[in-house]
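Here is a short report on a single protein chain. Overall dimensions come before local detail.

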Amino acid sequence: ARAAEAAAAAARQQQMRVAEKERAEEERKRRSIEGRQKQAEISRLAEEHRQQMAAIEAQMAAEQAALAAERQRQEQIRIEREAPKLKIVDGEDFSYNLQSGLASKLKTFRQRGNGGDTLVLKIEHELNELQLDASLKALSLEALSETLDDFASRAQPRYVLHIHQFAHADGRVSLPIAFLVLMPDHVPVHLKVLYTRPVAGLCDTFGVAKHVTP
C-alpha cells in the first residue's frame with residue numbers, strides 16, 4: 001500500500017512538473033508575442049513620426065522657396081520701378097519705352113533662344129510703349145508665314161524677331177536672328193509712320209544688323 005501511495009505521489013509530482021513546464025513555455029511564448037507586438041508598434045510609431053517630420057520639412061521647404069520667390073519678385077519689381085525706362089529711339093514724337101520686363105525677355109531671347117523661336121512686338125502709342133504681343137516656340141517657316149498673313153489680313157503692323165537655324169556644310173549650326181517689319185498694304189499712313197520711324201534704333205536695341213520688310 002505504501003509503495004502504491006509513493007508511486008501515486010511521484011506520478012502527481014511528475015504531472016505537476018510537466019504542467020509547470022507547460023505553463024512556463026506558454027508564458028515564454030506569450031511574452032515573446034507581446035515583445036514582437038510592442039516592437040512592431042514602436043516601429044510603426046517611429047515610421048509615422050518619420051513621415052510626419054518629412055512632411056513638415058517638405059512643407060517648410062516649400063514655404064521657404066515660395067517666400068524666396070516672392071522676395072525675388074518684389075525685388076525685381078523694385079528694380080524695374082526705380083530703374084529709368086529704356087528709350088528705344090531718341091526723338092520728340094517717336095520715342096517709346098520698353099514694356100516692363102521686355103528688356104530681360106529680349107536678352108534671354110538673344111542669348112538662349114533656339115531655332116524657330118519668335119517674338120512678335122507691337123507699339124501701344126497711348127501708353128508710349130513697345131509691348132510683347134506673342135512669344136512662339138519652334139515655329140517653322142511655314143507657320144511663321146501663316147502668322148504674318150494673319151496679322152496682315154487684319155492690317156496690323158508688327159515687329160517680328162525670328163531665330164532661324166542654319167546648318168553649315170562643315171556641320172556647324174548657327175542661329176541668326178531675323179528682324180522683320182511687317183507692314184501690310186492697307187495699313188493707315190499714321191501707323192506706317194509710327195512703325196517705320198523707330199526701325200533704325202530698334203536694330204541696335206534688338207542686336208541685329210538690319211531689318212527685312214516681308
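## Overall dimensions

The protein chain has a radius of gyration of 41 Å, whereas a compact globule of 214 residues would have one near 17 Å. The radius is taken over C-alpha atoms, and the globule rule is 2.2 Å times the number of residues to the power 0.38. Along its principal axes, the C-alpha trace spans about 140 × 50 × 35 Å.

This is a predicted model, in which local features need pLDDT of at least 70 and side-chain atom pairs count only at pLDDT 80 or more, while totals for chains, interfaces and linings use all residues. Residues are numbered from 1 along each chain as its sequence is written, and side-chain values use heavy atoms, with hydrogens and water left out.

## Fold and surface

The protein chain has five helices and seven strands. Their order along the sequence is α-β-α-β-β-α-β-β-β-β-α-α. Both element types are DSSP runs numbered from the N terminus: helices are H or I with at least four residues, strands are E with at least two.

Of the 214 residues, 24% count as buried. Buried means under 20% relative accessible area, exposed over 50%, and partly exposed in between (1.4 Å probe, protein chains only). Contact means heavy atoms within 4.5 Å. Among contacts between residues at least 6 apart in sequence, 55% join residues at least 24 apart.

The protein chain exposes about 15,100 Å², with carbon and sulfur atoms supplying 54% of it. Areas come from the Shrake-Rupley method with a 1.4 Å probe; for residues, only the protein chains shown count as cover. There are 31 positive and 31 negative side chains, and the centres of the two sets lie 10 Å apart. Lys and Arg count as positive, Asp and Glu as negative; His and the chain ends are not counted. Each charge is placed at NZ of Lys, CZ of Arg, CG of Asp or CD of Glu.

## Helix H5

Helix H5 covers residues 199-206 and is mostly covered, with six of its eight residues buried. These are Val-199, Gly-201, Leu-202, Cys-203, Thr-205 and Phe-206. Their cover includes H2, S2, strand S3 (129-136), strand S4 (158-163), strand S7 (177-182) and helix H4 (189-196). Gly-207 follows H5, with a positive phi near 75°.

Asp-117 sits in the loop between helix H2 (102-112) and strand S2 (118-124). Its relative accessible area is 6%, so Asp-117 is buried. The Asp-117 side chain reaches the backbone nitrogen of Asn-114 at 2.8 Å.

Arg-158 lies in strand S4. Arg-158 counts as buried because its relative accessibility is 10%. Its side chain makes a polar contact with the side chain of Asp-133 at 2.9 Å. A polar contact is a pair of N or O atoms within 3.5 Å; within protein, one must be able to donate a hydrogen and the other to accept it, and residues adjacent in sequence count only if both atoms are side-chain atoms. With residues up to four places away in sequence left out, Arg-158 touches Val-120, Phe-151, Leu-180 and Tyr-195, among others.

## Positive phi in two loops

Ala-138 has a positive phi near 50°. Its loop joins S3 and helix H3 (141-153). At 61% relative accessibility, Ala-138 counts as exposed.

Ala-155 also has a positive phi, near 55°. Ala-155 is in the loop between H3 and S4. Its relative accessible area of 26% makes Ala-155 partly exposed.
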